[in-house]
Amino acid sequence: MLTFLMIGAHPDDMDLEASGLAMRMKEKGHRVVFLSATNGNAGHMSMGREELRTRRLKEMEKAASVFGLPYDTLDIDDGYLTADLPTREKLMRYIRTVKPDVIITHRSCDYHPDHRACGQLVCDCSYMVGVPLFCPDVPALRKAPVILFTEDRFTQPAPFRADIAVACDAFIERKIDGVLQHESQFFEWLAYDGNWTEVLNSKSHEEAEGILRSQLRRRFMGPAARFPDRFPTGTQFGEVFQIDEYGGEMTEEIRQAMEG
Ligand SMILES: [Zn+2]
């Protein structure tokens, strides 16, 4: 049995990019844990931080129950995640306690400062996870976890590389159901921030949900359309991951578990 730890900056990040993999791994009997570094309490146009924090943590729990997987947070304020030493120690203790074989996270070249910091923090833990005198209160891991990055569309300093491709057709409806539990994001903040007029002008929650469902469906078709050679023929919905060279070595066992 392998352990996968999905570390996103915000409560919906890994749901969007890796929940198909998460459900697939769970179905195969592996262990999966979601961790959001922040509590997501910045992205809203009318709610205050404390009220939003409570709401986003509830949404996170709802998404977790749709996926049937545990979801945790370091509860750092949204927008305030930095790759500093105290946060590295906090994350290190978390990683060593979960003992993952694979960590999934953001690349550190990304538009959002929290995403960049999150990717950087994971990379900063990649070697030190095995150094016993760093955070000596939690035993060092003897085996460095493989680190995989979720897909993004940025090209500096290098475009994303699809090293691992996971077909998720069987889980697509549940993936959309889970993502849409983050109501304050998709129905409110992202719609407002991105000026999704169709969603903003919809007359009912159901109508907005229908629009968001088609939008997410199109989005989740992206990886198989962009990297068709990496997927089994006929795959419509997939997720892709890039191997980080600082993490542990990708083994045939892990690749088989993910792609096979
Ligand atoms: Zn995010």
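Predicted model: local features only at pLDDT ≥ 70, side-chain atom pairs only at ≥ 80, totals over all residues.
This report walks through the fold of the protein, from its overall build down to single strands and helices.

## What you're looking at

Residues are numbered from 1 along each chain as its sequence is written.

The protein has 10 helices and 7 strands; helices (H or I, at least four residues) and strands (E, at least two) are DSSP runs, numbered from the N terminus. Its C-alpha trace spans about 60 × 45 × 35 Å along the principal axes. A compact globule with 260 residues would have a radius of gyration near 18 Å, and the protein has 18 Å, which agrees. That radius is taken over C-alpha atoms, and the globule rule is 2.2 Å times the number of residues to the power 0.38.

Of the 260 residues, 44% are buried. Buried here means that 20 or more other C-beta atoms lie within 10 Å of a residue's own (exposed is 12 or fewer, partly exposed is in between), with C-beta atoms placed from the backbone. Among contacts with a separation of 6 or more, 77% come from residues 24 or more positions apart; a contact needs C-beta atoms, placed from the backbone, within 7 Å.

The 7 strands form an open sheet in the order 3-2-1-4-5-7-6, with mixed pairing. Two strands pair if DSSP finds at least two bridges between them. Strand 3 (71-76) and strand 6 (164-167) are the edge strands, each pairing on one side only. On average, neighbouring strands of this sheet are turned by 25 degrees against each other, direction ignored. For such angles, axes are lines fitted to C-alpha atoms (for helices over the stretch in contact), and angles run from 0 to 180 degrees between N-to-C directions.

Val 166 stands opposite Glu 239 in strand 7. Helix 1 packs on the sheet, touching strands 1, 2, 4, 5, 6 and 7, and its direction makes about 170 degrees with that of strand 1. Helix 10 (residues 252-259) also packs on the sheet, touching strand 4, strand 5 and strand 6, at about 35 degrees to the direction of strand 6.

## Strand 1 and its neighbours

Strand 1 (residues 3-8) has 5 of its 6 residues buried, so it is largely enclosed by the rest of the structure. On one pairing, 6 bridges join it in parallel to strand 2 (residues 31-38), with Thr 3 partnered by Arg 31. Another pairing, also parallel, links strand 1 to strand 4 (residues 102-105) through 3 bridges; there Met 6 stands opposite Ile 104.

Strand 2 pairs with strand 3 as well, in the parallel sense over 4 bridges, and Leu 35 has Asp 72 as its bridge partner. Two right-handed β-α-β units turn up here: strand 1, helix 1 (residues 13-27) and strand 2, then strand 2, helix 2 (residues 49-67) and strand 3. Right-handed means that, with the strands pointing away from the viewer, the path from the first strand over the helix to the second runs clockwise.

## Helix 4

At 1.5 Å a residue, the 16 residues of helix 4 (residues 113-128) should span 22 Å, and its end C-alpha atoms are 23 Å apart, which agrees. The expected span is 1.5 Å times one less than the number of residues.

Its buried residues include Asp 114, His 115, Cys 118, Cys 123 and Cys 125. Their cover includes strand 1, strand 2, helix 3 (85-98), strand 4 and strand 5 (146-150).

Key. Contact = placed C-beta atoms within 7 Å.
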